[in-house]
Amino acid sequence: MTSHRRPKQPSRTRVSVLTTAAAAAVALSANAAHAAPGEKPGKDEVKAKVDHLYEQAEQATEKYNGANEKQHKLQKEISTIQDSVARGQQELNRLREGLGSMASAQYRSGGIDPSVQLLLSSDPDDFLDKASTLDQLSGQQVQALKKIQDKQRELAQQRAEAGEKLKDLAATRTELGAKKKEVQGKLAEAQKLLNTLTAKEKAALDAEQQRASRSSAERVDIGHHAPATGRAAAAFAAAQSQLGKPYVRGGTGPSSYDCSGLTSWAYAQADVFIPRTSEAQSGIGTRLTRSQLQVGDLVFFFNDLHHVGLYAGNGQILHAPRTGTVVRYESMDTIGGPFMFGVRV
């Protein structure tokens, strides 16, 4: 006989538990899929990561530029000291030869012991310590010995100075190599990320960059901002002539630039020679707040001042942003780091 009893329904509590468990399983599955290793990041995610890497590369580039500038300065200083030491050694040799000639003449006339002549030519300091023999020297010889002593001390001091600078140079070269490696690493990592994009995604990113440049250029209204000085106007005009030139690490123009390379090149065209790095440039003039800026003033960004550009008016700057971009106008509010202050050269 067939039973007509209705099947037993699961309790409400059991249904609730099952539903919750199923929802959790779906969520876990979705999260696992999102975090799956090897999953290709989207265009916007790649852009954000690449921009951050480029910022870090620019930061290291400015440190590299500073070390490179220091290396050149040290090499010049060491060369100058070494030339001075060489000239000083020649002078010392002439002084010793002159003193030896006087001693020889005195010996031939019978007025000086042969051992004294040896002391004069080989170790004048030791000889002068032997006060008992000083009465055997003429006043001219004493003066000659003192000149030799002074020259010896001067040469010793110069050689010690050169030695310290050579140590500093070695440390600077080590720093230079480390910063170069750091920059190259950041750029390689950024390129690796960009290589994950399709041709269509890369084209979309390029189009965004071009739109950003055009939009910034359209917002620049120089007419409402008089240049700070005639030279600032000339520097700004020079920078304008470089619009579209590519950003290249260490570039100082005229074919490519990094941020401080552009500003130092622009001011050089106005016969104003400012330091090479952004950090050094930040200390050369009068500091300004945002409201005090005029066209041609230097503007600095990020807490460590690793980015610099030229104020273009209407809240815009003219600068060499980072790898993958060109010299262009850009809003001060989209640089990626806080505006710190301006400087009027």
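Helices (H or I, at least four residues) and strands (E, at least two) are DSSP runs, numbered from the N terminus, and by this assignment the secondary structure of the protein chain comes to 9 helices and 6 strands. The model is predicted, so that local features need pLDDT of at least 70 and side-chain atom pairs count only at pLDDT 80 or more, whereas totals for chains, interfaces and linings use all residues. Residues are numbered from 1 along each chain as its sequence is written, and side-chain values use heavy atoms, with hydrogens and water left out.

**The chain as a whole**

- Of the 345 residues in the protein chain, 37% are buried, where buried means under 20% relative accessible area, exposed over 50%, and partly exposed in between (1.4 Å probe, protein chains only).
- The protein chain exposes about 19500 Å², of which carbon and sulfur atoms supply 53%; accessible areas come from the Shrake-Rupley method with a 1.4 Å probe, and for residues only the protein chains shown count as cover.
- Among contacts (heavy atoms within 4.5 Å) between residues at least 6 apart in sequence, 68% join residues at least 24 apart.

**Salt bridges between separate elements**

- The whole structure holds 17 salt bridges, each defined as a side-chain nitrogen of Lys or Arg within 4 Å of a carboxyl oxygen of Asp or Glu.
- One of them joins the side chains of Lys 165 and Glu 77, with an N to O distance of 2.9 Å; because Lys 165 lies in helix H5 (residues 139-194) and Glu 77 in helix H2 (residues 43-108), this pair ties together parts that are 88 residues apart in sequence.
- Lys 165 counts as buried at 19% relative accessibility, while Glu 77, at 26%, counts as partly exposed.
- Arg 344 forms a salt bridge with Asp 297, their closest N and O atoms being 2.9 Å apart, and the pair links distant parts of the chain, with Arg 344 in strand S6 (residues 339-344) and Asp 297, 47 residues away, in the loop between strand S1 (286-288) and strand S2 (298-301).
- In this pair Asp 297 is buried, at 1% relative accessibility, and Arg 344 is partly exposed, at 23%.

- Lys 151 and Glu 154 form a salt bridge whose closest N and O atoms are 3.3 Å apart; because the two residues are 3 residues apart in helix H5, they are separated by about one helical turn.
- Lys 151 is buried, with a relative accessibility of 9%, whereas Glu 154 is partly exposed, with a relative accessible area of 34%.
- Lys 43, Asp 44 and Glu 208 are joined in a network of salt bridges.
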